[in-house]
Amino acid sequence: MKEIIGDIDIIDNTQESCEVVNITKDENNVGQKKLYIESYGCQMNFSDSEIVSSILKKEGYVTTSSIEDADVTFLNTCSIREKAETTVRNRLSEINQYKKKNPELVIGVLGCMAERLKSKLLEEEKIVDLVVGPDAYRELPNMLDEVSTGQKAVNTFLSREETYDDITPVRLNSNGVTAFISIMRGCDNMCSFCVVPFTRGRERSRDPFSVVKEAQDLFDKGYREVTLLGQNVDSYKWSAEQNNKARLEKIDSAEIVNFANLMEMVAKVSPELRVRFATSHPKDITDDVLYTMKKYDNLCKYIHFPAQSGNSRILERMNRTYDRDWYISKIDRIKEILGEDCAISSDMISGFCGETEEEHKDTLSLMEYVKYDYSYMFFYSERPGTLAEKKYEDDIPMDIKKRRLTEVINLQRELSIERNKRTIGRTYKVLIEGFSKRSDKQLQGRTTCNRVAVFDAGNHKKGEYVNVKVNDVTTGTLLASVVEN
């Protein structure tokens, strides 16, 4: 397990964090213009980079994994915490050496940091040629033309309709087995600590038939798992008349496709196609979603269900729209419908504005009640422009934030081991994703509950389903052996 007290800890170290950077792959087409993208932060950013690559592929670009070979370099950025932005600024300083060697190199900043800082980025980072927000990627060809004339280019317009549903993403860094499908963009929740509503705009949902078409195409190409992706997938809502949720709720529509409907549509592509989703807001998950998950074996029994805090007063300050008891009732409902083996993960923030020691202990007691399988854990980092920055003082000293976060991490480690030990002696169907990280003589795959199992390779290969029996566990891994049918 990584233990990065100053930033983030992820119990399952196969999960993505803001520390992970994805880089475009090599497409060895000699003589074509080359595009290099570094993607930071959440999986939505990595998915957006696939959209950008697809748009520029039509303009004659191929991707490269070497910035030295690139004609265009993009950093697709995250603004969720100050550290994420600092990482990008430091990287821009490093990239300056490539700009000096190749003055024709075009450097652009994409994504949430671009949206938050806009033209200010051009003033502060002199080597940057263009700044593009998450809803303006279709304009990249025109903006590159503008840059080629010696001008700087900025487009951070936030759309109420854009979903890129007609663009087939170029799969980057793919294992050929699992893929992400973006089903919605933006967020209507105004959690007081979060910049996402300001950097990604209002919620709008993608045409469900285009989602199903993309899932079918992936399955036909050999992919066996898709993750339906969005800032808040449970609030997915679409009609033929309107894809913007706020507007849709104001009109009468005969036919509305909600998230439970969409999950069922994708599940029906094939029983051999596993379906996951991320991320959920507790206020939006419904019994219909849970019963749909129960109905289809290929809808994975894992829910990321961020609590953020276990104390009702802090939850109110965070503007999470629920209190501790309500959240617990939802947890109880998940376990009632899907069973105790359904995996649940969370986000937790330590040291939010005004948090007392007793309120911190409420977070620990909530964790003990739920028994999360793993969590994403942070200490609070004030972000400019958020409601919390405007309303509350960031008054918890850093040493206390770090100590509280350490306590959360240590408890989660215990809970993860406890939950994993429940699997010892049991047999699970796993989808093989490739070799384990430590040996090419072992393979790794995931259970329906998103646990990573490692086992001897034998004659098995990536993309197969196999049954494995768990012999032992670590905090983040099941140590297993294949059970032949």
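**Reading the cores, rings and a helix**

Modeller: Of the 57 residues in the largest nonpolar core, the ones touching the most other members are Ile-183, Leu-228, Phe-259, Ile-303, Tyr-327 and Tyr-372. Apart from that core lies another, of 22 residues, among them Tyr-61, Val-132, Val-147 and Ala-153. This is a predicted model: local features need pLDDT of at least 70, side-chain atom pairs count only at pLDDT 80 or more, and totals for chains, interfaces and linings use all residues. Residues are numbered from 1 along each chain as its sequence is written, and side-chain values use heavy atoms, with hydrogens and water left out.

Biologist: What is a nonpolar core?

Modeller: In soluble globular proteins, nonpolar side chains tend to be buried together. A nonpolar core is a set of buried Ala, Val, Leu, Ile, Met, Phe, Trp, Tyr and Cys residues joined through side-chain atoms within 4.5 Å. Buried means under 20% relative accessible area, exposed over 50%, and partly exposed in between (1.4 Å probe, protein chains only).

Biologist: Which residues does Ile-303 touch?

Modeller: Contact means heavy atoms within 4.5 Å. Not counting residues up to four places away in sequence, Ile-303 touches Phe-277, Ser-280, Ile-285, Leu-290, Met-293, Ile-334, Leu-338, Cys-342, Ala-343, Ile-344 and Ser-345.

Biologist: How many aromatic pairs are found in the whole structure?

Modeller: Rings of Phe, Tyr and Trp (its six-membered ring) pair if their centres lie within 6.5 Å; planes under 30 degrees apart count as stacked, over 60 as edge-to-face and the rest as tilted. The search finds nine such pairs. Take Phe-259 and Phe-277: their ring centres are 5.2 Å apart and their planes stand at 80°, so the pair is edge-to-face. Phe-259 lies in helix α9 (residues 259-267) and Phe-277 in strand β15 (residues 274-278), so the pair ties together parts 18 residues apart in sequence. Helices (H or I, at least four residues) and strands (E, at least two) are DSSP runs, numbered from the N terminus. Phe-259 is buried at 1% relative accessibility, and Phe-277 is buried at 4%.

Phe-352 and Tyr-380 also form an edge-to-face pair, 4.9 Å centre to centre with 75° between the planes. Both Phe-352 and Tyr-380 are buried. Elsewhere, ring pairs link Phe-305, Tyr-322, Trp-326 and Tyr-327 into a cluster.

Biologist: Which ring has the charged end of Lys-429 over it?

Modeller: A charge sits over a ring if NZ of Lys or CZ of Arg is within 6 Å of the ring centre and within 35 degrees of the ring normal. The charged end of Lys-429 sits over the ring of Tyr-465, 4.5 Å from its centre. Arg-224 lies over the face of Phe-219, 4.0 Å from the ring centre.

Biologist: Which residues of helix α10 are buried?

Modeller: An α-helix has 3.6 residues a turn, so residues three or four places apart point the same way. In α10 (residues 287-295), the buried residues are Val-289, Leu-290, Thr-292 and Met-293. They cover an arc of only 160° around the axis, which puts them on the same side of α10. The arc is that of the directions from the helix axis to the C-beta atoms. What covers these buried residues includes α9, β15, β16 (302-304) and α12 (324-338).

Biologist: Is Arg-185 buried or exposed?

Modeller: Arg-185 counts as buried, at 1% relative accessibility. Arg-185 is found in strand β10 (residues 184-185). A polar contact of 2.9 Å joins the side chains of Arg-185 and Asp-48. A polar contact is a pair of N or O atoms within 3.5 Å; within protein, one must be able to donate a hydrogen and the other to accept it, and residues adjacent in sequence count only if both atoms are side-chain atoms.
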